[in-house]
Amino acid sequence: MNGGPSGFNNAPVTRTIIIATALLTILFGIQGRSGNVGWSYQDIFKKLQIWKLIASVFAFSSTPELLFGIYLLYYFRMFERQIGSNKYSVFILFSVIVSLLLEILALKLLKDPSLTILTSGPYGLIFSSFIPFYFDIPVSTRFRVFSLHFSDKTFIYLAGLQLLLSSWKKSMLPGICGILAGFMYRLNVLHVRKIKVAPNLFSLAPVVLF
């Protein structure tokens, strides 16, 4: 279980997401604005800073989060190869939009002072990908360390756990919302699996970036 052949063969959408994530994270980091990318309920609905909502989908707020996030995005490119770039684009859009809506709803309902600003990054996409990873990707290797049983999938789960806990509640909430979005996609809510994206829409981005 290694995610398939190395590189981005048959995974142009994943390549675009990873490049956009890396570039935006580095750009905000150079400008010293990494801590300002995360959004709050007030930013969106009172200050109307919609750019934060868009930027937060891609840019991580720290280098460790970027490293773990890029690793997981790159690994999960296997799903684009399995279902095709068109359906994978629908999966991305559904995961991102639904997870953001769930985050907004959670912030509105919880009213937790420690959750005034959520951490940024493609948490919705990454953690929704753990649903097909758990259900559809079989274990190929098992091993034991000090009487503890592990599998080759363990390292992916540990990377996800590290990312989930990177900013405690501020990262846990987006991660949980991403997992819920993944379940909703798997349950085919609103018949999302039948939706298709116009080929030119998801094929233009890689051309622009290169």
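Predicted model: local features only at pLDDT ≥ 70, side-chain atom pairs only at ≥ 80, totals over all residues.
Reader: Which residues does the unreviewed UniProt entry list for "transmembrane region"?
Author: Numbering runs from 1 along each chain as its sequence is written, and side-chain values use heavy atoms, with hydrogens and water left out. UniProt positions are given in this numbering, feature names are shortened, and annotations may be inferred rather than shown by experiment. The entry lists residues 12-30, 50-76, 88-109, 115-135 and 171-187.

Reader: How far apart are the end C-alpha atoms of residues 12-30?
Author: Helices (H or I, at least four residues) and strands (E, at least two) are DSSP runs, numbered from the N terminus. Residues 12-30 are 100% helix and 0% strand, and their end C-alpha atoms are separated by 27 Å.

Reader: Why does the end-to-end distance of helix α6 agree with its number of residues?
Author: The expected span of a helix is 1.5 Å times one less than its number of residues. Helix α6 (residues 85-110) has 26 residues, so it should span 38 Å; this agrees with the distance between its end C-alpha atoms, 36 Å.

Reader: Which residues of α4 are buried?
Author: Buried means under 20% relative accessible area, exposed over 50%, and partly exposed in between (1.4 Å probe, protein chains only). The buried residues of α4 pack against α1 (12-30), α5 (77-83), α7 (123-128), α8 (130-136) and α9 (154-164). They are E65, L66, G69, L72, L73 and Y75.

Reader: What does F76 touch, not counting residues up to four places away in sequence?
Author: Contact means heavy atoms within 4.5 Å. On that basis F76 touches Y88, I126, S129, F130, F133 and I156.

Reader: Which residue in the turn of the β1 and β2 hairpin has a positive phi?
Author: Two strands pair if DSSP finds at least two bridges between them. β1 (residues 142-145) and β2 (residues 148-151) are antiparallel, with four bridges. Two residues lie between the strands, and the one with a positive phi, about 50°, is F146.
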